[in-house]
Every structure is written in C-alpha cells, then in structure tokens.
Amino acid sequence: MVELELMDRVQFIYELALAQLELKGLGANFDVANSLRKFILKEGDEDLLVKRVAYFKRINGKTTIYERLVQYNQTKSINQYLTHWIYPYKGKFHPQMIRALLNFIGLKEGETVLDPFIGSGTTAVESQVMGINCIGVDISPLCVLQSKVKTESVFVLDKIEKIKDGVIKINNSNFGLSSFNTKVLTLQKFIENITDEKVKNFFKIAEMIAHSDASRRKKNFTQSFSINVEKMLASVKDFKKSINELNLKLGKVDIRRGDARKLDLEDESIDGIVTSPPYSIALDYVKNDSHALKALGYDTTKIREEFIGVRGTGARRIDLYNEDMMKSINEMFRVLKPEKYCVIVLGDATYQGKRVETVDFIIKYAEKIGFKLVKNIDKIIFGLYNVMQKENILIFKKPEIRK
C-alpha cells in the first residue's frame, strides 16, 4: 500500500481540494483515508509525484521535493522560501497554491505558462523551479523589477557577492554629506553605474525595500538597505544551493513590461495561464507603491493612466475596470492553445461601501467569448491587511476550435 501524507500545515478545505486536483492532474488514482491526512495511491507514477506535488510531504515514505524546497527559507513565513519574500508587495499569490494549479492544468517541463499580471513574480519563481517556462507581463515597472530579481539573481550570484561590500560601504558612509536625500542620491548613482543589469536590479530592489521600510514602518533607510542586501543575498544563495542539492532543472523566465489588454504574443502560443488580476478597485497600487515608483524615476500621475482599475471615480471607475478586464480576457483566450487551461484567482471587492461582483462578471464574460468554466473553488483569506474575505479560484478551459 502506497501512502501519500499531507503536509502538516494543510488545514483549509480549498487546500484539500487542490491536493486532490493536483494528483488528478498528475495522472494519479487514489482514495482519501478517513483521517483526511493520508491518501492511498491506487495508480500513479511515484517518482513524478515526489518531484511535483505541492501539498504532500511524503510519498510512500519518500520526502517530496517541495517539502525539502520550503526549508530554504530566510524568513519566519513558511510561504516565503527562496526569493519569494523579496519586496513587501500586497496581494501576493500563495506559491504552494500556484504549484498545485500548475500540476492540475497539466503543464510539463519545457512548456510555457503565462501570467499577464505577474505582480510580485510568484508564478515566475514557482514555475521556474518546476522546470516550466514562464512569460510574465506587468504594466508596473516595480513588478517587473522585483520579478526579474527573484528569478535572475541566482545567475549572477558571484558578481553580486563580489561588489556587495562596496555597495554597503557606500550606503553606510556619510561622505561628509549633510542631507539624507543627497546620501540616497549618491547610493542611487553608484547602483545605476553597475554595468550588469541583473546585478544592478538586485541592489535596486534592495533600495526599494529600504524606501518601503522608511515610508511604511519609519525604519532607518541606511540600516534597512544593508540588512536587506545581506538577507537577499542569503536567499539567492539558498536558491543556488537548492538547485544543486535537489537537482532542479530550471525553466526559462521572460519578464516583460507590457499590457495585459494588448499582449505582444502570437495566437495560440501559450500552454497554460495562471494569474490574478489587480484588486485595484479596492487597493490603489499606484498610491501604495508611490515611494518606490518615484524612487525609480516615474511620474505617478502619468503612470496612473496606464494601470487597470485606478482610473476614474464612482461608477465610472468600475466601468473602466470591467472594460479593461474584458480586453484582458480576450487576450488570454487569443494566446492560449485550444484544450488548455486558464486559471484566474480573484475576489469581489468593496468600493465606496458597496460590493463589486467581479467574480460573476468575469465568469459570465469568459464563458461568453468561449471559455468553459470547469472548476470554481472558494478560497478563504485570513490576515489583518487583506482587502477581501474570500477569493475564487476559477479554472477555465479553452475548447478545441472546430473549423
């Protein structure tokens, strides 16, 4: 008898549902034991399950790759292993959920997943360590930057280590400068002169975290920058170590600044989509990250016109959001191959005291243009700063197009 043991921290109904879905996606036939903590495998590839599953810690006594992977963690949060934690971005995906969804929709090594709202880069990191290629698109230059750093820094680890002490020295030294702003500008200029873009981006995002700490938590910028450079470096080293120790074959990652409403991709070129549209009706991403966007040299007034969901007021704001989402769904349908899956994670927001029924709107429009809804999973959200109580995991399939 082959037993599959759930991870100890699996405790919600949606996690149990995803655990079963990922097994089905990986071709397993199983029974659930009465305790709900163990499954009995009746048919399936044990080695594949050990390599791919997200919600199980052991398969027939063998520790899964994911159970080992989450141990490479420099944070106190079990979900922020490897480079997932880098930059305090609101509305982050749960990486374990993404892994399970990639399994359920049947993406194999070498195939390509698209996230047209890449955000903090969770889909990119998780697909990368699974050997799945990822194209990540976002209108926000901050999102593009952090997603690149999380997935590219591992390839320039030696170069980062080589100049790390020099960058920290610049940060810690006053150079006789009288103002904080002048000192920050000196650090920025030093970073900007780094010739390797991947190395430059690493230190840029460390600076953005320091700006966030200073703006939101009133922490000392200089101390925050130095601490986060060291912590980020430790996480990148963990990433490198995990690749070697777990024999990971990384997928290719292509992070682009672009518009989900007009994707620069060919028709039917994508093997799967996993994404979460911005909750910008309820959360103003431009305002929330204004300190970082300004530090990167962007005019937040101009950039606001490019973002989805932050334009307009009152009913007009909701209308603009819905129009933008319809354009985005049209693009997802266009670039997805027939008989492949599109997963959209989102929830209803509250705007000006009223509930905005985004979930029903998305379902109806997606089905109208040809998607078939195959699963709708309720996901309860916990946390002090969440703008919603519940999300829905919507799994659509693009049917075969008959000529």
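Hi everyone, let's start with a cysteine: the sulfur of C143 lies 13 Å from the closest cysteine sulfur, that of C134, so the two are too far apart for a bond. A disulfide here would need a pair of cysteine sulfur atoms within 2.5 Å, and the structure holds 0 of them. Both cysteines are buried, C143 with a relative accessible area of 2% and C134 with 1%. Buried means under 20% relative accessible area, exposed over 50%, and partly exposed in between, with a 1.4 Å probe and protein chains only.

A quick word on the model. It is predicted, so local features need pLDDT of at least 70 and side-chain atom pairs count only at 80 or more, while totals for chains, interfaces and linings use all residues. Residues are numbered from 1 along each chain as its sequence is written, and side-chain values use heavy atoms, with hydrogens and water left out.

Now, on to E126. Is E126 buried or exposed? It is buried, with a relative accessible area of 0%. You'll find E126 in helix α5, residues 122-129; a helix is a DSSP run of H or I with at least four residues, numbered from the N terminus. Leaving out residues up to four places away in sequence, E126 touches Y66, L69, Y81, H84, P95, I98 and R99, where contact means heavy atoms within 4.5 Å. With R99, the side chain of E126 also makes a polar contact, side chain to side chain, at 3.2 Å. Such a contact is a pair of N or O atoms within 3.5 Å; within protein, one must be able to donate a hydrogen and the other to accept it, and residues adjacent in sequence count only if both atoms are side-chain atoms.

Technical notes. Helix = DSSP H or I, 4+ residues; strand = E, 2+ residues; numbered from the N terminus.
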